[in-house]
Amino acid sequence: MTVTEIFKFKSERVKVLHFTWFAFFVSFFAWYSMAPLATTMMDDMGWLTPQHIAALGICNVVLTIPARIIIGSLLDRYGPRIVYSGLLIIMSIPAITFAFGDTWAQLMISRLILGSIGASFVIGIRMVAEWFPPKHVGFAEGIYGGWGNFGSAAAAMILPWFALTMFGGDNGYRYALALTGVICFIYGIIYYICVRDTPEGKALVKPKKASALEVSSWGDLVQLIVWTIPLGGALAVSAWRLEGLGFMSREVLYIIYAVIVLVVIYQLYNILKVNVPRLKKGVPEEDKYKFKNVGALNSTYFANFGAELAIISMLPMFFQLTFSLSAAQAGLIASTFAFVNLIARPLGGVLSDRMGSRRNVMLVYMFGISIGLLMMGFMDSSWPLVLAIAITVLTSMFIQGAEGATFAVIPMIKKRVTGQIAGMSGAYGNVGATIYLTLYTFVTPQQFFFILATGAFVSFLICFFTLEEPKNSFEDEYYLTEAELKEQANADAALAKSNLEKKAL
């Protein structure tokens with residue numbers, strides 16, 4: 001697939017790609033709507049403080065972690081079209097509620113719920129994988145992720161203009177925030193009408209049980225349990241941060257801890273419920289996959305997307321204080337980190353498609369991130385500003401390219417459970433951001449970059465020793481077992497019969 005092909009709108013799969021990355025764009029446009037209008041909100045409400053904004057920032061990402069797991073299961077069960085449309089329409093409610101909230105409870109609860117829209121990313125991964133073959137899926141997933149992720153930068157650039165110029169007045173920022181919810185609602189309907197889950201004549205094959213990820217061996221079951229527990233740990237860390245900021249009592253914190261433990265136990269129960277009977281019965285050799293590949297990609301997304309979210313949160317202040325810049329100058333320089341996404345993430349997918357080994361591309365990217373972040377750790381006021389910017393942009397290219405390379409591999413691990421695998425890896429990106437931002441409160445910016453570099457290098461080692469080259473990496477079709485091929489043929493036949501019956505009516 002070439003760059004020119006993504007502009008051939010007569011191709012149905014290209015149209016689906018554009019509709020889907022824009023759905024992701026709309027999601028992130030709403031999700032990151034608060035930050036550019038935070039100071040305006042504080043000026044208008046009076047009682048709102050920077051501590052409140054920090055707490056809302058935590059609320060904005062807390063539920064993204066479990067939401068990505070839940071959405072992964074839902075889209076494997078119901079298909080990406082319904083789930084994406086439903087998520088956009090449902091999330092329009094907290095987006096509009098937040099816009100007109102006047103009390104802390106209204107703002108906190110609506111922002112907490114709205115954080116679930118961050119799970120939207122997972123849905124498009126499955127949708128794109130249904131429409132693009134293995135040899136092109138890296139580039140397509142990169143376009144989806146890179147262009148869609150730009151919604152956060154668009155919110156930072158456009159929403160202040162909407163608030164101050166287009167709407168204006170004391171409530172201009174409220175109308176601007178509400179507009180993001182209205183766009184979500186409208187585009188959710190448009191998406192449902194304009195796309196379908198699979199190409200003509202091909203049915204969407206779903207796992208028999210989607211409440212937990214299927215594994216292939218008892219050892220893999222242990223690995224799945226081990227990788228599941230930290231997801232609850234990240235939620236506990238977020239609650240601890242909110243308590244530290246004074247927004248909940250110690251008693252409430254303990255109650256939240258108890259709820260998190262119960263949720264994790266319930267998820268572990270589902271894992272055992274799905275997999276113990278399956279493993280006792282015996283998994284056919286051709287149907288097996290190695291969970292260690294999922295674990296490796298969990299680690300890469302922890303290290304790359306987690307680092308991206310963390311760096312975006314601290315980079316403007318770092319440049320402002322280190323190089324004695326104005327807030328506007330520092331913000332402009334820091335914005336280059338997000339702008340690179342438009343090119344870097346698709347490039348990561350393209351290289352994964354074309355370099356002959358997806359595993360080696362992943363290794364090069366993770367090693368490159370380690371070196372780039374290590375160099376950023378040495379940056380101080382004695383550095384020429386141009387060199388500091390160049391190193392920052394280069395590191396960003398590696399970080400976001402690695403994100404594209406990660407999701408160029410995920411659809412090939414086990415096709416029918418792509419949603420759940422993408423959900424777990426996507427959740428680990430938010431786990432990474434949570435852990436990294438918590439550590440940032442205890443260290444200097446330079447030490448923080450060294451921590452991020454260490455995380456990337458550990459992921460490099462995990463991938464070096466555990467990540468395998470996927471089957472059919474560069475073929476026209478995904479690897480399917482004989483049973484899966486038969487199931488696909490039966491599903492296609494049932495779909496054809498249903499279409500004929502509808503035409504007859």
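Where is Ile117 found? I looked this up first in what is a predicted model. Ile117 sits in the loop between helix H6 (104-114) and helix H7 (120-131).

**Entry: Ile117.** Leaving aside residues up to four places away in sequence, I found Ile117 touching Ser27, Ala30, Trp31, Leu87, Leu88, Met91 and Cys184. I also checked Tyr84, which is 33 residues from Ile117 along the chain; their C-alpha atoms are separated by 9.7 Å.

**Entry: helix H8.** I followed H8 through residues 134-149 and noted a reach of 22 Å from first C-alpha to last, close to the 22 Å expected. H8 is mostly covered, with 15 of its 16 residues buried.

**Entry: the nonpolar core.** I counted 153 residues in the largest nonpolar core, and Tyr144, Phe291, Ile311, Leu315, Phe319, Leu373 and Phe449 have the most contacts inside it. H13 gives the most to this core, with 15 residues. I then picked Phe449: beyond its sequence neighbours up to four places away, Phe449 touches Ile311, Met314, Leu315, Phe318, Leu373, Met376 and Gly377.

**Entry: the largest pocket.** I noted a volume of about 2000 Å³ for the largest pocket. Of its 50 lining residues, the closest to the centre are Ala35, Leu309, Ile312, Ser313 and Met314. Several helices each supply at least two lining residues, including H1 (12-31), H11 (218-244) and H13 (291-322). By class, I logged 31 nonpolar, 16 polar and 3 charged residues in this lining.

Note on methods
Residues numbered from 1 in each chain as written. Predicted model: local features only at pLDDT ≥ 70, side-chain atom pairs only at ≥ 80, totals over all residues. Heavy atoms only, no water. 1 Å grid on protein atoms, 1.4 Å probe; cavity = no way out; pocket = protein on both sides within 12 Å on 5 of 7 lines; lining within 4 Å. Points joined across faces, edges and corners; volume = space filled by probe spheres on them. Helix = DSSP H or I, 4+ residues; strand = E, 2+ residues; numbered from the N terminus. Nonpolar A, V, L, I, M, F, W, Y, C, P; charged D, E, K, R; others polar. Core = buried A, V, L, I, M, F, W, Y, C linked by side-chain atoms within 4.5 Å. Buried < 20%, exposed > 50% of the residue type's maximum accessible area, 1.4 Å probe, protein only. Contact = heavy atoms within 4.5 Å. Expected span 1.5 Å × (residues − 1).
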